[in-house]
Amino acid sequence: MIRYEALHGRDCSLVLEVRGTGAPIWRHWGGRIADSLAPPPLADGRGSTSFSLDTDLPLTTAPGFGHGWFDRPFLLASRGAQHVGVEFDCCTVERDGDALVVRLTDTVARVALDQRFELDPASDVVEASATITNCGDTPLDLGWLASALLPLPGDCRWVRSFTGRHNAELVETVEPMPAHGWRRENRRGLTGHAGPPGLFVLRDGATAHAGDVFACQLAWSGNHVLAMDHSDEGYWTLQAGVWLAPGEIRLEPGAHFAAPPLLATFARTGSNGASQNFHTAIRRRGPWAGSPPPPRPVHLNSWEACYFDHDEARIGALAERAAAIGVERFVLDDGWFAGRSDDRRGLGDWTPDPAKYPQGLAALAGHVTALGMEFGLWVEPEMVNPDSDLYRAHPDWALGAAGRPLRTARHQLVLDMSRAEVRDHLFARIDALLATLPITYLKWDHNRDLAPAEDAEGRARYHAQVTGSYALIDRIRAAHPAVELEACAGGGGRIDAGIATRTHRFWTSDNLDAVSRVAIQRGFLAFMPPELMGAHVGASPAHATGRRQSIGFRAGVALPGHFGLELDPGKLDAADHAALATAITRYKAWRARLHSGRVWQGEAADGLVWHAAGEPGDLLLLVTRIAPASNRRPQPVRLPMLADVPALTARLEALVGMRHDGTDLPPLFAQMRDGGAAFAGDWLAAVGLPVPPMHAESVAVFSLRAA
Ligand code: GLA
């Protein structure tokens, strides 16, 4: 008896062919089809090919190795020397709201597999997950369990993914679809500076704004694998899951292992449409559960303003200058705790440094709140310096490898988060800070990779480290639900959908150079919505690169994200101070429009890049020029999302980073600045919006409202 189970979203559908035995056959993941489908069954219907098994084995949701499936399997497992190749003999598929729940059992291999595919119609994102249970009476060693294995059609052309390092996160790469296979693996123990474990696959003809795009991101903050394999049948498979070290996961009889969810989406509207789907899904899964977040307050973060060099008087004065320019949340970064005179000592001892803060942090926090700002604090709970009281008391709490030297990075070691006593200790320390100080915000850092990460028996603890960190964060969030969290790992080393359910902001990069930042932020926005994107105005020259940029450009680049400062406003000259104050006022006026609705990112002729936020009838558009123009005149910027809006008024709201003050604009742009110019939406979509001549390193901000 064959039947079909389907899930339908706005623009996409997922169809499984279900038989009584064997995992469900993948029939479709892609464009929306009618609900009344009854395609001819695939099983036993399509005949055999030469040099094939006589039993047809179409692609299922859970193909195993060893019984005729020659492409990459969904599962690799063993019992001692015995290979466990699965061939499920019982399959049930049930609906649970918008989800399909697949239950598979293999009575020979004695494993059970539960798969869940939930298609959220609001986002068109499928959340796919898998849990394996050892039903045998001997331990099961797991080598690989995909969170999901998805089909990609044979006319896919390009894979768009990201690489990166500290200070250069989310570097975009575009490659042809592989003839054999494509892999991105991470064994650093945390997400890594390449950004979320995810990718975009563009079908033939797809672009940023049109055409079929498949995309995924794994909701996980640790080691991972993304893999695409070309099947000699002519299609590709896409898998993602946790990278497991040998021996890392041993399931005792009755035990189970849950793979983290994979968020997978299909869009008809190009890779930007897939990003919009991710934004909706991340918002719905995040701490505000799909509601608009409270206005994202302007930050001042103390790090690049003074690094470790602080004390109560100096920081108090910085806070006064921050409040005076319009800052709403003051974040005291690294350097506040006992012994922390540099990055060689102190991590783990989460009590205020009596030399810098003789009265503790209460006086400073009171000063900050009396100035009308929220008070935020930096912590790095998973870490310990060997030169710390915590390490001296509990050297065995640090991850290492028996018989091997300890490997420090930034002079620090990593605490074993899988141990309950470690988590209890950290909870008590952080809880004490949150209970005694008016802290509304924690910047939660993680400044190194894991190496080595073994327990006393020599078993790898990478996976357990992530679940332990999640457990600690969840406990703190439950005890202090009003406190917001920022995920940071040497800038953007822990940006992913797993931690995004628990945190309210990401620190995108330690590189505050605004030119570098344009590309980093565009990569970030491929996966995450703009209100989560920490975006700071830093000093000039930029500490990470040494390049100089105007205050207008630095502020213009930070504008679309969660805006903040990471400099001392007292060090600016009067003109820059005034320009920064204006930028803060503008951000406050525009943040609701920037952080609700959708985001479109595009490229126009001659090096212009643009970012539009809102909805087609009410958009803020930021057009950025990084390098000098090659052409005599800027060419219009086409805005495809406006095609159906009958008439709009375009206003030039700001033009920052220019050598002049914008008073000598050509007449059309003076009109757009002073009152606005009328355009038909289809004109803006087909021909484009005229933009003024722009210097290198400048940003023009337009407001486009339906007339
Ligand atoms: C990391 C972060 C920075 C800062 C420092 C403090 O590098 O990314 O923003 O918090 O740690 O040590």
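1. Tyrosine 307 counts as partly exposed, at 29% relative accessibility. The classes used here are buried for under 20% relative accessible area, exposed for over 50%, and partly exposed in between, with a 1.4 Å probe and protein chains only as cover. Tyrosine 307 sits in the loop between α2 and α3, and its phi is near 45 degrees, a positive value in a residue other than glycine. Helices (H or I, at least four residues) and strands (E, at least two) are DSSP runs numbered from the N terminus.

2. On provenance: this is a predicted model, in which local features need pLDDT of at least 70 and side-chain atom pairs count only at pLDDT 80 or more, while totals for chains, interfaces and linings use all residues. Residues are numbered from 1 along each chain as its sequence is written, and side-chain values use heavy atoms, with hydrogens and water left out.

3. Aspartate 606 also has a positive phi, of about 60 degrees, although it is not a glycine. Its place is the loop between β30 (598-603) and β31 (608-615). Aspartate 606 is classed as partly exposed because its relative accessibility is 22%.

4. Helix α3 covers residues 312-325. Its 14 residues should span 20 Å at 1.5 Å a residue, and the end C-alpha atoms are 20 Å apart, which agrees. The expected span is 1.5 Å times one less than the number of residues. After α3 comes glycine 326, with a positive phi near 115 degrees.

5. The buried residues of α3 include Glu312, Ile315, Gly316, Leu318, Ala319, Ala322 and Ile325. An α-helix has 3.6 residues a turn, so residues three or four places apart point the same way. Among the elements that cover the buried residues of α3 are β20 (299-301), α2 (303-306), β21 (329-332), α4 (362-370), β29 (562-566) and α10 (574-594).

6. Helix α1 (residues 270-285) has 16 residues that should span 22 Å at 1.5 Å a residue; the end C-alpha atoms are 23 Å apart, which agrees. α1 is mostly covered, with 12 of its 16 residues buried. Among these buried residues are Gly270, Asn272, Gln276, Phe278, His279 and Ile282.

7. The ligand is surrounded by 13 residues, and the closest are Asp333, Asp334, Lys443, Gly491 and Asp510. By class the shell has 4 nonpolar, 3 polar and 6 charged residues. In this scheme Ala, Val, Leu, Ile, Met, Phe, Trp, Tyr, Cys and Pro count as nonpolar, Asp, Glu, Lys and Arg as charged, and the others, Gly among them, as polar.

8. The protein covers 96% of the 300 Å² of accessible area that the ligand has on its own. A polar contact is a pair of N or O atoms within 3.5 Å; within protein, one must be able to donate a hydrogen and the other to accept it, and residues adjacent in sequence count only if both atoms are side-chain atoms. Accessible areas come from the Shrake-Rupley method with a 1.4 Å probe, and for residues only the protein chains shown count as cover.

9. Arginine 505 is in strand β27 (residues 505-507). Arginine 505 counts as buried because its relative accessible area is 1%. Its side chain reaches the backbone oxygen of histidine 562 at 2.9 Å. Beyond neighbours within four places in sequence, the contacts of arginine 505 include His299, Tyr441, Glu486, Leu532, His536 and Phe563. Contact here means heavy atoms within 4.5 Å.

10. Valine 422 belongs to helix α6 (residues 420-436) and is buried, with a relative accessible area of 0%. Tryptophan 397 is 25 residues from valine 422 in sequence and 6.9 Å away in space, C-alpha to C-alpha. With neighbours within four places in sequence set aside, valine 422 is in contact with Trp397, Leu415, Asp416 and Met417.

11. A cis peptide bond joins alanine 451 and proline 452, with omega about -15 degrees. Proline 452 is in the loop between β25 (439-444) and α7 (462-479). A cis peptide bond also joins serine 540 and proline 541, with omega about 0 degrees; proline 541 is in the loop between β28 (533-538) and α9 (551-558).

Conventions:
Near = heavy atom within 4 Å.
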